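Open the structure in your viewer and keep the selection tool at hand. This tour tells you what to select next and what is there.

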Amino acid sequence: MSLLSVENLVVRHGLLQAVRGVSFSIERGETLALVGANGAGKTTLLRAIAGAHQPAAGRVLLDGADLTSVPSHRRVGMGIALVPEGRKLFVQMTVEENLLLGRTAGRPGEWSVDKVLDMFPNLRPRRHAKTGHLSGGEQQATAIGRALMSNPEVLLLDEVSLGLSPLIVDRVYAALQGLIASGTTIILVEQDLNRALSVSDRVICMLEGRVALEGPSKAVSRDNVTKAYFGLHRKSPGSVPA
Amino acid sequence: MSNQIIQGILLGGYYALIACGLSFMFSVMRIINLAHGSLAVFAAFALWWLASRYHIPPFVGLLIVLPLMAAIGWALQRFLLERSARGGTLLPILTTFGLAIVIDNMLFEQFGADTRSLAPYIGSLSYASWEWPGSIYVGKLAVIMFATAVILLGGLQLFLTRTRLGRSIRATSEDPDTAGLVGVDARRANAVAASIAMVTVGLAGAFLGMRATFDPYAGAPQLLFAFEAAVIGGAGSLWGTLVGGIVLALAQTLGAQVHPQGFLIGGHAVFLVVLFVRLSTSGLGLRGLLRLPSRSAS
Amino acid sequence: MSAVSSSPVIERGTMTSRIAAIAVAVIIALLAIAPQFLSAGAVDRMTALFIYVILAAMWNALAGFGGLVSVGQQVFFGLGAYFTIRLADAGLNPFASLFVSAIVVGIVSWPLSFFMLRLRNGEFAIGMWVIAALTHLLVNLDRLVQGETGTSLISLNVYDAGTRRATIYWLALASMTALLAVLFGLLRGSTGAAIRAIRDNEDAAASVGVRVTGTKRLLFVLAAFGIGVAGALWLATSITFQPKTYFNVQWTAYMIFMVLVGGIGTFEGAILGALVFFLIETWFGGTGVWYLVGLGATAVLFSLFLPRGLWGTIEERFGLRFLPVGYRVRLPENAPSDDGTAPSPV
């Protein structure tokens, strides 16, 4: 049985249909990359899995159990943790407090404040600083740490490299590689196609709320993904943007 | 004069008590509860009823009334505020105002127009005093009141920073959606916060009844005192409400020196002056007088 | 011609609204001659109704259109009465005093608006209450008022009871009609577009260049003036001025009740709410405290379960609009009609 599966999921924002009948599943230990243009529905899909959006139709299953009507805070306890787009830290609270919050409903496990600080050593001196005063990279590290504190079975990462300098992105991804190596199941949304393909086992490309392409990251060519990305595979491939 | 200043400072303890629940609830749920004062008067009546009918001393009666207030807070949040807050920021003002009218008139229906006091039920405490150096007499009740305010504010501060539930409440106040995503039950956090606020209201009602008289329509002035103390104290920390309460009480004491009817005028005037200074120094960026945290995430 | 008929038609009035306009004119004419046929008591009650309509319409202008919920509007009601007492005492004709007083209230509210309009939501609401409480205390200090003992509009006694009653009735009717007309004109004019934009989304309105503060100030001053008129008229009907009665928060409670029940943010709703309140008061006013409990409870229930009020719900359900303050787009006959749920264009 797949660890997490999504069946014919439909999510609306008012009249706008952001996700239109998406299905996929992910196995334990797998890393899945969601790519696609802005507005393709990646973030909405991720947030629906985490329980931040109530779907209009379809189901979300974890280990076969139907989560569709479970509120977001209880999904954390069942093993789903989201690192939201824009990090969404509690800026009036310290790094440590943000991390401890991650443990509110989390599962028992190995993660602790110290272990997060070991993973991101540059956070250690900022432990008691309000997160509103942190740099972008430190904030992102805190956001990832906060999600890990709940000892998730599935970690959902939404645009973790957004707004960070390339050097910091390298560091964040180095840390993620460690998580992947330790067997954490990850779904990540990433704008940087090269990074998405290199870090993941499988890739799903979304277009206008639907799955446009799905395949193993090693097997799909960058060219194919690019075409799916822009919705060109149905039309004549004119000039494919680089 | 120094005697009056000390009395004023101690009275500030009462205002801090009544204000801290109002600003606590506002900072967590962004709701100004216009039934705040009426609920304090309700608690005072409940204690009076227990004392006059069943001879339960008010301090013992608190053991019954405070849990009752906590339950009321929980129900208030679950059945009224949660629902009306979904209709926007203006609706809760109307809902809680309507609730205040209901409470005031129900109290009138039940207890009549007579003014009551808890003073007869607390023995010598209502008039006993200590003599301090410089032949200053301070009422024991006033000192207890002030000490309660300090302990309550300190306790709340510790609770909010040191406990998991306290952190959950702070996280919910900053961003309820994200709080849910990290595992905080925002509805529960809000209900707990409302319960805590109502417990503080219950305490304030108890001291209102012990230090003075009250009647069914005494809720409105208590609400105004609470609001004024909270705004004068300003945003930032719970300790601000203590400062605000003291400033309000001192202004009232000073007002009473100037004119026989100057007590209330002095309080309102200092509130408006503080407001004016705050508005003219903060520029257009003023988003809220009472709010503690800013809502923007990153 | 055929090309035009297949595209949507933008219109202001509908057939219903044209009929309604005629009906309004007829009703006003009938009300104007009514004192000839009504008993003295009925004339007094009708005067009270007109004052309620003014109160509801003015509170609705502020809260429903300006997004400014105030629980301190009794300050203008009280000041309207107080300034009348002062002006009449200075020798001005009592009937003239009523309106000069309201103008003074409007003038006083203007500088106040610079201060109060910078407060938001609940802070504005309760801040206004503080203003009302303080004003009440200050008015009490006036020797003429003699504290809570109060005073009377004695100069009105030179008129005999019948003349006085009919004059006040007509003044109330004229004030109500004029204030409603001004409000209607405001909502239909270019300010109306700004008002609706602010009502729908204040920040968005500001970002497209709507003068948010200026528009709110206009509504604030209009509401102060209108409620001042109402307070002055109330004084004229009851003669005695006790500060406690006029600066009572209950006046705002009545306004909130009327607007919430009638339909906040709808022009017709406030009038309907005043009518409902008038009837409830007539039937249940004698039950005292339970009547007030009922008013409060009804306000709570409407805010929770029917926040659009009676008129808002009717309008939504049936797409009915008697006095259209907005525009609406009518789709051609063959297109699916959807005017019940279509957002009113701004």
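Start by selecting C:A56. Leaving aside residues up to four places away in sequence, C:A56 touches C:M255, C:M258, C:V259, C:G262, C:A270, C:I271, C:G273 and C:A274. Contact here means that two C-beta atoms, placed from the backbone, lie within 7 Å.

A word on the model and its labels. This is a predicted model, in which local features need pLDDT of at least 70 and side-chain atom pairs count only at pLDDT 80 or more, while totals for chains, interfaces and linings use all residues. Residues are numbered from 1 along each chain as its sequence is written, and chains are lettered from A and ligands numbered from 1 in the order in which they are written.

Buried means 20 or more other C-beta atoms within 10 Å of a residue's own; exposed means 12 or fewer; partly exposed lies in between, with C-beta atoms placed from the backbone. Helices (H or I, at least four residues) and strands (E, at least two) are DSSP runs, numbered from the N terminus.

**Chain C**

Select all of chain C. It holds 15 helices and four strands. Of its 346 residues, 44% are buried. Take the contacts in chain C between residues at least 6 apart in sequence: 79% of them join residues at least 24 apart.

Next, go to C:N121. Its phi is positive, near 40°, and it is not a glycine. Most residues other than glycine have a negative phi. C:N121 sits in helix α6 (residues 121–141) of chain C. It has 19 other C-beta atoms within 10 Å, so it is partly exposed.

**Where chains B and C touch**

Show chains B and C together. Two pairs of chains touch, and the pair B and C has the most contacts. Here 36 residues of chain B meet 34 residues of chain C. On the chain B side, α3 (58–85), α4 (91–111), α9 (219–233) and α11 (262–282) each give two or more residues. Select α4(B): it supplies the largest share of that side, 13 residues. Colour the chain B side by class and you have 24 nonpolar, nine polar and three charged residues. Ala, Val, Leu, Ile, Met, Phe, Trp, Tyr, Cys and Pro count as nonpolar, Asp, Glu, Lys and Arg as charged, and the others, Gly among them, as polar.

Select helix α1 (residues 2–29) of chain B. Its 28 residues should span 40 Å at 1.5 Å a residue, and its end C-alpha atoms are 40 Å apart, which agrees. The expected span is 1.5 Å times one less than the number of residues. Where is the kink in α1(B) centred? Look at B:A19, where the kink is about 30°; the bend is the angle between axes fitted to the seven residues ending there and the seven starting there. Of the 28 residues of α1(B), 20 are buried, so the helix is largely enclosed by the rest of the structure. B:R30 follows α1(B), with a positive phi near 60°.

Move on to helix α2 (residues 36–54) of chain B. It has 19 residues and reaches 27 Å from first C-alpha to last, close to the 27 Å expected. It is mostly covered, with 15 of its 19 residues buried. B:H55 comes after α2(B), and its phi is positive, near 55°.

**Chain A**

Now show chains A and B. Their contact takes 27 residues from chain A and 18 residues from chain B. On the chain A side, α2 (72–78), α3 (95–102) and α5 (136–148) each give two or more residues. That side has 13 nonpolar, 10 polar and four charged residues. Chain A and chain C share no contact; their closest C-alpha atoms lie 13 Å apart.

Select the open sheet of chain A. Its four strands run in the order β2-β1-β4-β5, with antiparallel pairing. Strands pair if DSSP finds at least two bridges between them. At the edges are β2 (16–26) and β5, each pairing on one side only. Five bridges join β1 (residues 4–13) of chain A to β4(A). Pick A:L4: its bridge partner in β4(A) is A:L62.

End at A:D63, in the loop between β4 (57–62) and β5 (65–66) of chain A. Its phi is positive, near 50°. A:D63 has 14 C-beta neighbours inside 10 Å, so it counts as partly exposed.
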